[in-house]
Amino acid sequence: MNLFLQIFIYVDVFIIGVVFATALRHAYAHFRPHPEAAHNQAKPQVKPSLDKEMRTELLEESAAKYRQVLEKEATKLGGELEVTAERINTTVKKLAADVVTKELEGFQQLFKDYQASASAELEGTKDQTEAYKNQLKAKMEEQVEAEKQRLIELIDNRLSDLVMSFLIEAMQHEIDLGAQADYLMKTLEDHKNEFKQALNQ
Amino acid sequence: MKLNLGENIISPADLRSLIEEVEAYAAYSRHRHIQARAGARPTKNTPRISETANEFLAANKPKDGYKLRDLDRLIAELEQRYHKSPQARITLADIASTGLKLSISNWLRLNVNESVLIDFRSDSTILGGMIVVVGSHIYDWSMRRQLLETKNKLIDLVSNNV
């Protein structure tokens, strides 16, 4: 059999099946309708019984009442808001005052502590400074005294050198060995043994 | 025979001078002796020697006069004395007079050592007294030294009188 023909037959059979099923469904719906659909079809449509003037009056009246209620509630809410705001304000002020007072007390205590600590440290520093000052003073006095002694010794030495230079300069032009002869012989006599020892070594 | 230097030979320089004069005299004597033996006329004049050398030669002259070997022996003894004698250097404040030199020299030869030779020097800065150097020993008996030793006393004295 031709393949095309076979396909054509299968499609026809399918279409015939679909048409039959649709017809069957419509027939069932016609003879046995759905309860809800039957109720909807049975309910009569309500039409407004009020006329236009009446509805306008009612609407205006409702709007006036609604406005009145709104104004009343708004006034009440405003008063309550004022009271609440005042209370909040008072509470905030009190809280702020408490916080500030507490913080101030804390700061005051902290400041006192710092002041006491600084005072103690300052006192210690003052004592140390005083001790160092005394030590420095003693050391300086010692150094000044040493320098003074050194200068005195220096002056003494220089003075003695000066005197010696003066004497040597003055006396070396007035030397008379003739006058010293007896002294020289006496010196030799005094050191006779030293001479002997040195010369006879 | 013991060598008699004489009191005028005080220093090593005096002794060296004496040795040179005696050597000159010995050379002259040798020359004369050779000329005499050869019968030649003397061509060399008698050397001029100092009074000190004359005194020395006279003091040490053998009884039968000088022979050449006597002079050689004398020179050898003088050289030995020059090198062996103890020496001292005495520094005085001024140039010592001959009298002072003799006094010191005689005293030393009499009391310390008879053959000592003394070299006198002068240094005015010592002011007085003497500085004696014997070998490695230095004896400072000068006035300058005494002044320096009493320097502090001097300063006190000056300070108290100012």
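In the predicted model, strands S3(B) and S4(B) form a hairpin with 2 residues between them. Gly135(B), which lies in the turn, adopts a positive phi of about 60°. The two strands, S3 (residues 129-134) and S4 (residues 137-142) of chain B, pair in the antiparallel sense over 6 bridges. Within this pairing, Val134(B) stands opposite His137(B) in S4(B), and Val133(B) stands opposite Ile138(B).

Strand S3(B) is also paired with strand S1 (residues 87-92) of chain B, again in the antiparallel sense, here over 5 bridges. Arg89(B) has Val133(B) as its bridge partner in S3(B). Since 6 of the 6 residues of S3(B) are buried, the strand is largely enclosed by the rest of the structure.

The loop between strand S2 (117-122) and S3 of chain B contains Leu127(B). Most residues other than glycine have a negative phi. Leu127(B), although not a glycine, has a positive phi of about 70°. The relative accessibility of Leu127(B) is 3%, so this residue counts as buried.

Over all chains, the structure holds 9 salt bridges. One of the pairs in chain B is formed by Arg16(B) and Glu79(B), with the closest N and O atoms 3.1 Å apart. This pair links distant parts of the chain, as Arg16(B) belongs to helix H1 (residues 12-38) of chain B and Glu79(B) to helix H3 (residues 68-84) of chain B, 63 residues apart. Arg16(B) counts as partly exposed at 24% relative accessibility, and Glu79(B) counts as partly exposed at 22%.

Helix H3 of chain B also carries a local pair, Glu77(B) and Arg73(B), which are 4 residues apart and separated by about one helical turn. These residues form a salt bridge in which the closest N and O atoms are 3.2 Å apart. Glu77(B) has a relative accessible area of 22% and is partly exposed. For Arg73(B) the relative accessibility is 34%, so this residue likewise counts as partly exposed.

In chain A, the side chains of Asp190(A) and Lys186(A) meet in a salt bridge with an N to O distance of 3.2 Å. Both residues lie in helix H4 (residues 177-190) of chain A. They are 4 residues apart, about one turn of the helix.

Val19(A) is placed in helix H1 (residues 3-31) of chain A. With a relative accessibility of 52%, Val19(A) counts as exposed, because the cut-off for that class is over 50%.

Asp51(A) has a relative accessible area of 45% and is partly exposed.

Helix H3 of chain A also contains Ser117(A), which counts as partly exposed at 35% relative accessibility. Ser117(A) and Gly17(A) are 100 residues apart along the chain. The C-alpha atoms of these two residues are separated by 108 Å.

Note on methods:
Residues are numbered from 1 along each chain as its sequence is written. Chains are lettered from A and ligands numbered from 1 in the order in which they are written. This is a predicted model: local features need pLDDT of at least 70, side-chain atom pairs count only at pLDDT 80 or more; totals for chains, interfaces and linings use all residues. Side-chain values use heavy atoms; hydrogens and water are left out. Buried means under 20% relative accessible area, exposed over 50%, partly exposed in between (1.4 Å probe, protein chains only). A salt bridge is a side-chain nitrogen of Lys or Arg within 4 Å of a carboxyl oxygen of Asp or Glu. Two strands pair if DSSP finds at least two bridges between them.
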